[in-house]
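The sequence and structure are shown below.

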Amino acid sequence: MTSAAPDHAPKYAQLSLPDRIGKAMPLLLVPLLVVFGFLSIGSTSSWLTLTVSGLAMGMMIFIMASGLTLVFGLMDVINFGHGAFISVGAYVGISALLALESWTGVPSLLLNVAAVLAAVIAAMCVTGALGWGFERVIVRPVYGAHLKQILVTVGGLIVIEQMIHVLWGPDEIYLTRPETLKGAVTFAGAAIEKYRLLAVVFGLALFVAMRLVLKRTKIGLIVRAGVQNGEMVEALGYHLRLVFIGVFIAGSALAGLGGVMWGLYQEVITAGMGEEMMILVFIVVIIGGLGSVEGAFIGALLVGLLQNYIAFLEPKLALISNIALMTAILMWRPQGMMPVVKAK
Amino acid sequence: MLTNLISDDRPRSLILTGLLLGILFCLALAPFLFPGVRSLETAARICIFIVLVASYDLLLGYSGIVSFAHTMFFGLGAYGVALASVHMGRGYDALIVGTVSGAVASALLALLIGLFSLRVRAIFFAMITLAVASAVAVLVSQLSGLTGGEDGLNYSIPRELTPAFKLGSLFGVSITGKLLNYYLVFFASLALFLLLLRIVNSPFGRVLQAIRENDFRAEAIGYRVVFYRTLATCLSAAVAAIAGSLFAIWLRYVGPDTTLSFEIMLDILLMVVIGGMGTMYGAVIGATIFVLAQNYLQNLMGVASGATEGLPLIPQLLDPDRWLLWLGVLFILSVYFFPTGIVGRLRSED
Amino acid sequence: MSDPILELSGVHTDIAQYHILQGVDLVVPRGGVTMLLGRNGVGKTTTLRTIIGHWQAKSGSLRFDGADITSLPTPARARAGIGFVPEDMGIFSDLTVEENMILAAASGPLDPARLDWIFAAFPPLRTFWRSEAGNLSGGQKQMLSIARAMAEERQLYLIDEPTKGLAPAIISTMAGALRDLKKKGASILLVEQNFSVAKALGDTAAVMDDGRIVWAGQMAELAGDAALQERLMGLTMEAH
């Protein structure tokens, strides 16, 4: 040891101002986009309508994406079959709603909410159980091998989608929302569909709840720590595999929930809807930063808002607006907006 | 001479050699061995899919990269020929311009996607190609003014390549433009296949395999992993586009379902896995078996479905429209239990 | 003499196609500090990782506290009483210091008395209790890493190069904490390149070369024999 030692004084490595702005930048993107929308749309009422539907869409995509990003972060497992849970959730949930027509057809808020709740619970139970089976049968044999994971989970997606056709028939199913969720409220001259408003509130509540679980509970700590350094979590005495299975099941159930919500939003469900949503989900997960729940949330809102604004401003470009968004964000941050800091 | 032609990449199995020679023989003489419109369609399809699948294997098997955009490149090539033929009128110049521009556009697009996604991590590539390919597919069906939308495009190709052109008959088979067209497809496919065989057996191909085995190590030895992977992506895209062009010349029609659909992407994946990843001969075996099965097995399913009518669930499971269900199951099982495919299995038995 | 806390016999470990450990026989006595020494790349880190279970031994057996742990998964080994401080420290940098410590107490809430003891050994951890661990300095991260292992009563601590890259003042804080830990009756298996620290802390020592233990004995014996050091490690402690 040759060099002279500096005094040992605790020193907090303070982040520089640009660093802090850089960290907060993704959070600013959503309001920036909303302002951009306001300026380019011009009409306040159209802007308000579009913003609410953009947020609603974003919330639903986030619900579908959250499980996928955590599953990847925890065990480096990429599940291309995640979309199957969206479809299955939608079919189970909507079937339940159709069966409960006596509850949904009457203008009673209580009965309507009870029906939706029953549908959601049924969908989440089925997709959660399906996720558990999927993890055991499809995913477990191919840990650590991305190539095989992609191939096998794509295979799983096809099989589940085809089974939907077998069980529910080949045609899409149309539905109507429960009575009290139909129609729109008028606010500042803008007609806002009740259901979209509800989806925004519900999605926000779910995000807050998820954050609370991740920040305040021990299991949440384990998940967050596991995303960064799974080996160390095990060395502290936690069975990461069990945690992972739990997250996989929860993520599948959330995808199912997202499926029901999306079905109610579109008022039609198809077996291929999960596969279609997966495109958006992947974009959201990539631009958010693989493994990051906050990143996925922001990414989902950006995708939802942008898609709605562009569809209004320049309908032909709406389809590629997401690709353009992804390109722009990856040019700015090649790992996504909020990449998880992996130890090592 | 012969070993030079196949770049000294021997099949290394007696049965495999026999199968390959058999397939080559049947395809080379298909118009005479199996006269009839349907069998010629099947043979041409096999030729084109061998090239398409082989070019995909350059990515999946040799480079260890999963792409979901291969049909997009295939479609670009097909639409290149179609658009050129529509706008420039019937003629060989249109075919050439269409083919070349399709291939160049595909290579450029592949370069762009590769630069964005392969730089960070290979797994991004799978997701990003999926997103881009689906956006392009939707775009093609929306821009109906240019692409004909869901209906696709019909166009004329030089008369010498159509059934209307008659030359006489040979061994009782009438020689028409369609037959010439078939041989155009056959020889072009053969040339492309031999080219791919050359590529994977070149030093470049060996570097790709080294990267697939261990990219950290390859990087440490000094290979620019991103460069090699991106180049492989571009090559593979260009060859897929040319296969698409051949398909367009053969069919005289392009549409989203025949060239761009996700279902074709799944077919390609399945052919690669069944035939055997990481060997060009796998593409030959996989494509041949798959196209034959697709053409003839679905009928069988229809029969079985009809026969089991009255039983619960079974007829729905055996419905010919549920063909993909069984493909999916087969696919999963082959990845688990049969990862080296038919070629790998044959080689290990010898 | 009581039976050893840890005993490895004939342990072989492969990493990918490389045969790293080639028959490690190692005895860590109960109580006190055992130094694991040797040149770079001879398998010291792999030995620790095999003990905690991050690498699975291909053959041979591991006994901990009288029980065979060869086939136990990592979490079970940790819960049996093995604490691990990896070479890269394994800090959860997006979590706060507090959250890192809460996780470290796997079997229940943090014991306040123990926490006071840890704060006394590593005062900066109290100062930055609610800061993100990723923003700590290198020395503070190392303190946190060791503090995590200390968060619960453990019988054996595996510590990989705790003084690497640290300033002398911080090294003496580390050494003080490890001495404290030893006083409490814990057994420590310590990989250390800094020989003055090794000499000061070690009771017994084992020297590795080429994936095997080539010498084992009292630390004092090794420290006093320059020729032996030269032969085993190709250098002397003084030269370091």
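## The open sheet of chain C

In this predicted model, chain C holds an open sheet of 6 strands in the order β6-β7-β8-β3-β9-β10, and the pairing is mixed. Its edges are formed by β6 (82–85) and β10 (212–218) of chain C, each of which pairs on one side only. From one strand to the next, the twist averages 15 degrees.

## Contact between chains A and B

The contact between these chains draws 31 residues from chain A and 34 residues from chain B. On the side of chain A that touches chain B, at least two residues each are supplied by α6 (146–168), α11 (273–288) and α13 (318–332) of chain A. The largest share, 14 residues, comes from α6(A). By class, this side of chain A has 22 nonpolar, 7 polar and 2 charged residues.

## Contact between chains A and C

Here chain A contributes 27 residues and chain C contributes 33 residues. The elements that give two or more residues to the side of chain A that touches chain C are α8 (218–228) and α9 (230–235) of chain A. Of these, α8(A) provides the largest share, with 6 residues. The side of chain A that touches chain C comprises 15 nonpolar, 5 polar and 7 charged residues.

Methods. Residues are numbered from 1 along each chain as its sequence is written. Chains are lettered from A and ligands numbered from 1 in the order in which they are written. This is a predicted model: local features need pLDDT of at least 70, side-chain atom pairs count only at pLDDT 80 or more; totals for chains, interfaces and linings use all residues. Two residues are in contact if their C-beta atoms, placed from the backbone, lie within 7 Å. Helices (H or I, at least four residues) and strands (E, at least two) are DSSP runs, numbered from the N terminus. Ala, Val, Leu, Ile, Met, Phe, Trp, Tyr, Cys and Pro count as nonpolar, Asp, Glu, Lys and Arg as charged, and the others, Gly among them, as polar. Two strands pair if DSSP finds at least two bridges between them. Axes are lines fitted to C-alpha atoms, for helices over the stretch in contact, and angles run from 0 to 180 degrees between N-to-C directions.
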